[in-house]
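Please keep the sequence and the structure in view while reading.

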Amino acid sequence: MPGYQPRRRVLEPGFDNPVRESHLTPIFAASLERNNRMSKLAIGVVGLPNVGKSTLFRALTAVSVPAANYPFCTIDPNVGVVEVPDPRLDRLAELVQPQDVIATVVEFVDIAGLVKGASEGEGLGNKFLQNIREVDAIAHVIRCFEDEAVVRVGQDPLHDREVVEMELALSDLDQVARALDRTERRARTGDKDAKAEAAVLSRLVARLEAGEPARAEPLSEDDRRAVRSLNLLTLKPTLYVANVSEDMVGQDAQTVQTLRDALLAEDSGAVVVEVCAQLESDVLELDESERHEYLEAHGVETGGLDRLIHAGYKLLGLQTFFTVGEKEVRAWTLHVGAKAPEAAGEIHTDFEKGFIRAETIAYEDFVEAGSLKRSRELGKMRLEGKEYVVQDGDVMLFRAAP
Ligand code: GDP
């Protein structure tokens, strides 16, 4: 949205349980415990050394909110917890004037440089790769900036990308081969499930041995379930971060175009985000008043971090619904296609179990009406049941039985 300034709120240190009574059935409000069901979304940052990962991570941590305020997030110096900027949340807050405004968050996990041979224990080796097994998606930083003062570990964007993906594939191969070994032993004892599982694993071994990612293998839902616990890196959704020079940002440089074309030719859904990590990081170190001057003087724009956060959120197939009340206006994260009880469950598991209905107003209708009360009067509030598929931007109020 033009002119939109993302709200980088730092929450008060004493801020505790983000679940407040305002949008809860009174019966439940009294018995609420800390909610630990909320989706924790983590994106692991990978790339060769000297591509700008630490610089990018520094910028992300500068906009990071204290992890302690989000009980479901990891407290770790290598994790930056960033709010997903959403102008709709700000608009709702303007209308409702609550005591608190809470955005949804995404975690970025910094991982030390990947070098060729990492999967075999060189550099930080497998330890490094283990650290990202738990993440939901991968942000692969690719060096598209030129700077003779910074040693280039790789060659060019396409080659660098291959080196990293090959290491990830080799690490997966190791996991899959070991799992296949175990599964085959079980299959020999006549275990039918093990036989089916071994067949999937064998296909993956062949794929990975050919140096291809696991995602290149067509997998059914059952196949996916069978290998889920292996947390394969090359099955995770991946977005590419093209780290460009300060003077190239927004210019759609040739290097970025070439990278984008190559990735799109492979996968029409490939996501490439252009960022100048150095600029984002430098600007965040300046005072608010100096920032504007700096950007003007250099004739550049920031916004790369927001683009990255949004791209990550979208890549994971997520959407947002809102709850509004005097105490709190809040954005929540939900998978696209999820039904109303699941949305209730994001707030509290008891809400999912006792779900009765969800009073639902589309975001645009709420803004037009200006308040919950007025939305009701205008007939914009719908009573939705268990089968309702939540839409992005829905403002929801849940009713649940104890
Ligand atoms: P990492 O090894 O991938 O974590 O890379 P670093 O973030 O430590 O960056 C390596 C060097 O490249 C540092 O000296 C950065 O200042 C520099 N660097 C990172 N991003 C950019 C960029 O966008 N432009 C330029 N010119 N230098 C950058």
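Which residue of β5 does valine 46 stand opposite? Valine 46 stands opposite histidine 140 in β5. The model is a predicted one, in which local features need pLDDT of at least 70 and side-chain atom pairs count only at pLDDT 80 or more, whereas totals for chains, interfaces and linings use all residues. Residues are numbered from 1 along each chain as its sequence is written, and side-chain values use heavy atoms, with hydrogens and water left out.

The secondary structure of the protein comes to 15 helices and 12 strands, where helices (H or I, at least four residues) and strands (E, at least two) are DSSP runs, numbered from the N terminus. Of the 402 residues in the protein, 50% are buried, a term that stands for under 20% relative accessible area, with exposed meaning over 50% and partly exposed in between (1.4 Å probe, protein chains only).

**The six-stranded sheet**

Six strands form an open sheet with mixed pairing in the order β2-β4-β1-β5-β6-β7, and two strands are taken to pair if DSSP finds at least two bridges between them. Its edge strands, each of which pairs on one side only, are β2 (79-83) and β7 (271-275). On average, neighbouring strands of this sheet are turned by 25° against each other, direction ignored; the axes are lines fitted to C-alpha atoms, for helices over the stretch in contact, and angles run from 0 to 180 degrees between N-to-C directions. Helix α11 (residues 304-315) packs on the sheet and touches β1 (42-46), β2, β4 (105-110), β5, β6 and β7, its direction making about 165° with that of β7; contact here means heavy atoms within 4.5 Å.

Strand β1 is largely enclosed by the rest of the structure, because five of its five residues are buried. In a regular strand the side chains alternate between the two faces of the sheet. Both faces of β1 are covered, with Ala42, Gly44 and Val46 buried on one side and Ile43 and Val45 buried on the other. The pairings of β1, together with others in the model, are set out below.

| Strand pair | Sense | Bridges | Partner residues |
|---|---|---|---|
| β1 and β4 | parallel | four | valine 45 and aspartate 110 |
| β5 and β6 | parallel | six | histidine 140 and tyrosine 240 |
| β10 and β12 | antiparallel | six | alanine 358 and phenylalanine 398 |
| β10 and β11 | antiparallel | three | threonine 360 and arginine 382 |

Strand β10 (residues 355-361) is mostly covered, since five of its seven residues are buried. Its antiparallel partners are β12 (residues 395-400) and β11 (residues 382-384).

**A buried aspartate**

Aspartate 172 lies in helix α5 (residues 157-188), and its relative accessibility is 0%, so it counts as buried. Leaving aside neighbours within four places in sequence, aspartate 172 is in contact with Arg133, Leu208, Leu232, Leu233 and Thr234. In the protein, 71% of the contacts between residues at least 6 apart in sequence join residues at least 24 apart.
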